[in-house]
Amino acid sequence: MEKASLSIPKILEKNKLLLPYQLYQVKLDWKKIAGPQIAKYSYIQNFEKNDVIIAVLNSVWMSHLFMYKKKLIEDINAYLQRDFIHDIRFVRRGNLPVKAVYDTVRGNNDTEEVTVNIKNIVLPESSVHMIRKETSVLPDGIRDKMAQLRFMQEKRRIAYEEKGIKRCPHCGRWLHKDEKLCLICQLAERQKMKMRLYSILIQMPWLTLEDMETYGYIPEKSNVYTLLYNEVRRDCIYKYIERVHHGYDNPEDDLFLALFITRKNPSELTADFIYNLTEKYRRKEDVPSYRRKSNG
């Protein structure tokens with residue numbers, strides 16, 4: 001007799017239920033597929049034909065995940081062992097559909113946690129009085145419940161501070177170990193730095209990393225800015241290659257693609273060079289409208 005683990009997939013496939021079952025497993029194993037850090041701030045909401053809809057906790061993470069869109073598609077298809085997912089749509093959702101953890105502070109590694117015991121903590125009379133005063137304006141039905149919740153929050157605050165855990169100076173979230181900013185604020189700062197680099201490079205695509213340091217646009221020998229500089233340039237190159245490849249580029253797009261790839265000054269590029277470079281990325285059947293007009 002075959003093992004159930006081998007026979008069940010065959011039965012599902014025979015009844016055309018294997019793919020729905022696998023997609024359901026993708027939802028359950030999202031943490032395993034995407035990694036614990038991404039799974040903390042996103043989840044698979046649904047599948048529509050060959051697209052997957054991923055709900056994201058906030059706009060910062062949505063921008064972050066968009067950069068890994070291609071890899072996420074590859075990872076999901078690898079899990080399915082078939083080329084099924086063609087695209088990802090990200091949607092904003094305010095919370096994750098998981099049970100909240102109230103007594104731990106989690107860091108960048110989801111497996112690391114600091115556990116606190118709040119049962120033996122006695123609140124000072126001043127804190128009890130303050131919370132009672134805060135909740136006194138609430139209706140009778142929820143006043144006591146809200147007060148109990150605030151008591152637990154205050155006890156947890158005391159327990160965290162006794163363990164030396166500090167709050168993020170930007171948003172007030174509890175930090176983990178030697179963090180100076182929480183992960184959300186780190187990503188927000190990173191996004192600000194990235195947008196600043198983009199605003200400079202979109203005006204002067206020929207600037208090298210050394211130029212950026214020399215002119216004072218970025219600090220010297222900064223590993224973060226080095227990574228972001230390369231990331232912004234790569235994103236811009238991919239964006240213009242996509243326009244060229246699908247045939248909806250214009251002469252300015254072609255010029256910017258050549259500038260980002262070569263990092264040469266515009267005066268160093270000829271029309272023939274730009275034409276030959278962009279043709280490498282163009283589908284043969286596509287001819288942009290501006291070229292049809294010039295050839296017509």
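## Basis of the description

Helices, as named here, are DSSP runs of H or I with at least four residues, strands are runs of E with at least two, and both are numbered from the N terminus. The model is predicted, and for that reason local features are reported at pLDDT of at least 70 and side-chain atom pairs only at pLDDT 80 or more, while totals for chains, interfaces and linings use all residues. Residues are numbered from 1 along each chain as its sequence is written, and side-chain values use heavy atoms, with hydrogens and water left out.

## Helices α11 and α12

Helix α11 (residues 223–246) packs with helix α12 (residues 251–262) at an angle of about 145°, their axes being 9 Å apart; axes are lines fitted to C-alpha atoms, for helices over the stretch in contact, and angles run from 0 to 180 degrees between N-to-C directions. On the α11 side, the residues in contact (heavy atoms within 4.5 Å) include Cys236, Ile237, Tyr240 and Val244, and on the α12 side they include Phe256, Leu257, Phe260 and Ile261. The residues of this contact divide into nine nonpolar, no polar and four charged, where Ala, Val, Leu, Ile, Met, Phe, Trp, Tyr, Cys and Pro count as nonpolar, Asp, Glu, Lys and Arg as charged, and the others, Gly among them, as polar.

## Helix α5 and its buried side

In helix α5 (residues 59–66), the buried residues (under 20% relative accessible area, with exposed meaning over 50% and partly exposed in between, for a 1.4 Å probe and protein chains only) are Val60, Trp61, His64 and Leu65. These residues lie on the same side of α5, because they cover an arc of only 125° around the axis, the arc being that of the directions from the helix axis to the C-beta atoms. Their packing partners are α4 (36–39), β1 (42–48), β2 (51–56), α6 (69–80), β3 (87–92) and α9 (183–201).

## Aromatic pairs

Six aromatic pairs are counted, a pair being rings of Phe, Tyr or Trp (its six-membered ring) with centres within 6.5 Å, stacked if the planes are under 30 degrees apart, edge-to-face if over 60 and tilted for the rest. One of them joins Phe66 and Phe90 edge-to-face, at 6.4 Å centre to centre and 65° between the planes. Since Phe66 lies in helix α5 and Phe90 in strand β3, this pair ties together parts that are 24 residues apart in sequence. Phe66 counts as exposed at 52% relative accessibility, whereas Phe90 is buried at 15%.

The rings of Phe256 and Phe260 form a tilted pair, with centres 6.4 Å apart and planes at 40°. Phe256 and Phe260 are four residues apart in helix α12, which means that about one helical turn separates them. Both are buried, and together with Tyr240 they form one aromatic cluster.
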